[in-house]
Amino acid sequence: MAPHSQTGHPKLGDFAASSMADTQGKWLLRENPARPDELAGRIRRDSPAEVHAAASAAAQAQREWAALDFEARAALLRKALGSVEGVDALARTMATEMGKPVGECAGEIRFALAFAADMEERARRLLADDVRGEGPGRRVVRRAPYGVIAAIVPWNAPIILAMTKIAPALLSGNAVLVKPSPFAPLTLSAIVSMIAAHLPAGVLRAVNGGAETGEALIAAPEVTKVAFTGGSTVGRAVLEQTSRRFIPSVMELGGNDPLIVLEDFELTTARMEALVWASFLNAGQVCMAAKRLYVHEALAPRFIDAYVETARRLLYMGDPLDPRTNIGPVISAQAQGRISRIAAQARCDGGVVVPLLGHICDHPEQGYFVPPQLVTGLTDDAELVRDEQFGPIMPIVTWKDEAQVRRWASNGACLSASVWSCDTQRAWDIAASLPAGLCLVNAHNRSGFSFDLPFGGSEASGFGREYGDEGLLEYSMPKALHQPSADAVASAYPGKS
């Protein structure tokens, strides 16, 4: 059932469409957010019955997959990942379907493949039998796979957010069913098909559709764990469904991440560029982006001038396929309208909106473009500061008391938080006190990422971890094996010695 065939390499042309027609709801259509009157592509929509059939096939394939020893699984997966070819062409498709600049798309695909290689080395170490204790008898802790993993992936970084689930789950002996977002199904489905073509049939597959597809996937009896990345509204619905089935989940739900600048911070060119990208990478549509900036009042005037100058020098907005572009459109008309409303409300709340765009590449006027903006003059209770905006509009709030800014930064759910200062020990201590899953010093967003560290939220921003040893271990259960010594068995009963 193309493009879900388990044999052969899918071509990008398999996902192209010659018309916008969706006969009988069989196709999932994706517009180009830079040119909404153009179709980026279409992909076959999976019915609930097809989803359940895929889950049944995955369960059968998983038993044989798990029966292979680790080195055999790792070798097959390594070969399968090596089959991902045509990265530049895939990146162009990805840029067209989601609006991310094409260079960032190619970088994401390569980053995802590097992540998978890192997971293989961790799995080789962490999945080995752990022999406990010494002396007579035998005590072993073995890692056992869950079975079939449902990986539900958002649109903003679809390849890496899928790979953080696919690679550790497959290495651990699970089968994986990936549900891409309807906003970005094309490239991820193509890459999943490329990988799956070199694995046993049924072990890995993408299923496409909207909410009904996700509900059918979670409801499939063969699915034994769900790994979800996305917004809190959908995440709550997923969690309710998994709780009814008594199956575990990993939930990464985003957050309103704070960035604190202390009064001694030096406004160097490199640091200011890192600060701009902390918020505006992928037009602000990054789960771990800085969403609110807290700057000490003594530094604020010079900081704002430097920030505006840096942003206007760096940011180019335009067609994602133009190599000069580093700010593309937002994902949809709804997102564009929501950010415009937030900007209007910020003005009503007393904010001053400062445009940050210094350069505009050629781009169609009808696209979902939102010029990057900075908003000054807001208090901490303004909507733009209080709620995650997930777009290219950034508030700056000034502070003068360290205890106060710690309280402000601790309000609301956040995945990551950062503190910027020349006094790195002071910054470290403040960062460590903040209730975020990832706390950073003089870095944020991509500049603060490491394969070695577990990534995930706290409180309402989710639970469970990806990356690092902890991310690998999410996809297997500890299984205790014990053969007591004969003497130990005999002495366990009353009257025996």
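Predicted model: local features only at pLDDT ≥ 70, side-chain atom pairs only at ≥ 80, totals over all residues.
## The second largest pocket

Helix α4 gives the most to the lining of the second largest pocket, with 4 residues. Residues are numbered from 1 along each chain as its sequence is written, and side-chain values use heavy atoms, with hydrogens and water left out.

The pocket holds about 440 Å³ of space. Its lining has 20 residues. Phe 111, Ala 157, Ile 160, Val 286 and Arg 446 lie nearest the centre. Both α4 (102-126) and α5 (158-171) supply at least two lining residues. By class, the lining divides into 11 nonpolar, 5 polar and 4 charged. Nonpolar covers Ala, Val, Leu, Ile, Met, Phe, Trp, Tyr, Cys and Pro; charged covers Asp, Glu, Lys and Arg; the others, Gly among them, are polar.

## The cavity

Rolling a probe the size of a water molecule over the atoms shows where empty space is left. The search uses a 1 Å grid over the protein atoms alone. In a cavity a 1.4 Å probe fits but cannot get out; a pocket is an open set of points with protein on both sides within 12 Å along at least five of seven lines. Lining residues have an atom within 4 Å of a point. Points are joined across faces, edges and corners, and a volume is the space filled by probe spheres set on them.

The count comes to 1 cavity of 30 Å³ or more. About 40 Å³ of space lies in the largest cavity. Leu 438, Gly 448, Phe 449, Ser 450, Leu 453, Pro 454 and Phe 455 line it. That lining has 5 nonpolar residues, 2 polar and no charged.

Val 276 lies in helix α9 (residues 269-280). Val 276 counts as buried because its relative accessibility is 0%. Buried means under 20% relative accessible area, exposed over 50%, and partly exposed in between (1.4 Å probe, protein chains only). Beyond its neighbours within four places in sequence, Val 276 is in contact with Tyr 307, Thr 310, Ala 311, Leu 314 and Leu 315. Contact means heavy atoms within 4.5 Å. Val 276 and Pro 392 are 116 residues apart in sequence, yet 11 Å apart in space, C-alpha to C-alpha.

Glu 383 is found in helix α12 (residues 383-386). At 18% relative accessibility, Glu 383 also counts as buried. Its side chain makes a polar contact of 2.7 Å with that of Arg 341. A polar contact is a pair of N or O atoms within 3.5 Å; within protein, one must be able to donate a hydrogen and the other to accept it, and residues adjacent in sequence count only if both atoms are side-chain atoms. With neighbours within four places left aside, Glu 383 is in contact with Arg 341, Ile 342, Gln 345 and Asp 349.

## Strand pairing

Strands β10 (residues 258-261) and β11 (residues 292-296) pair in the parallel sense over 4 bridges. Two strands pair if DSSP finds at least two bridges between them. Pro 258 has Arg 292 of β11 as its bridge partner. Pro 258 and Ile 260 point one way from β10, Leu 259 and Val 261 the other way, and all are buried.

An open sheet of 3 strands runs in the order β3-β4-β20, with antiparallel pairing. Its edge strands are β3 (130-131) and β20 (476-483), each pairing on one side only. β3 joins β4 (residues 138-145) over 2 bridges. Val 131 has Val 140 of β4 as its bridge partner.
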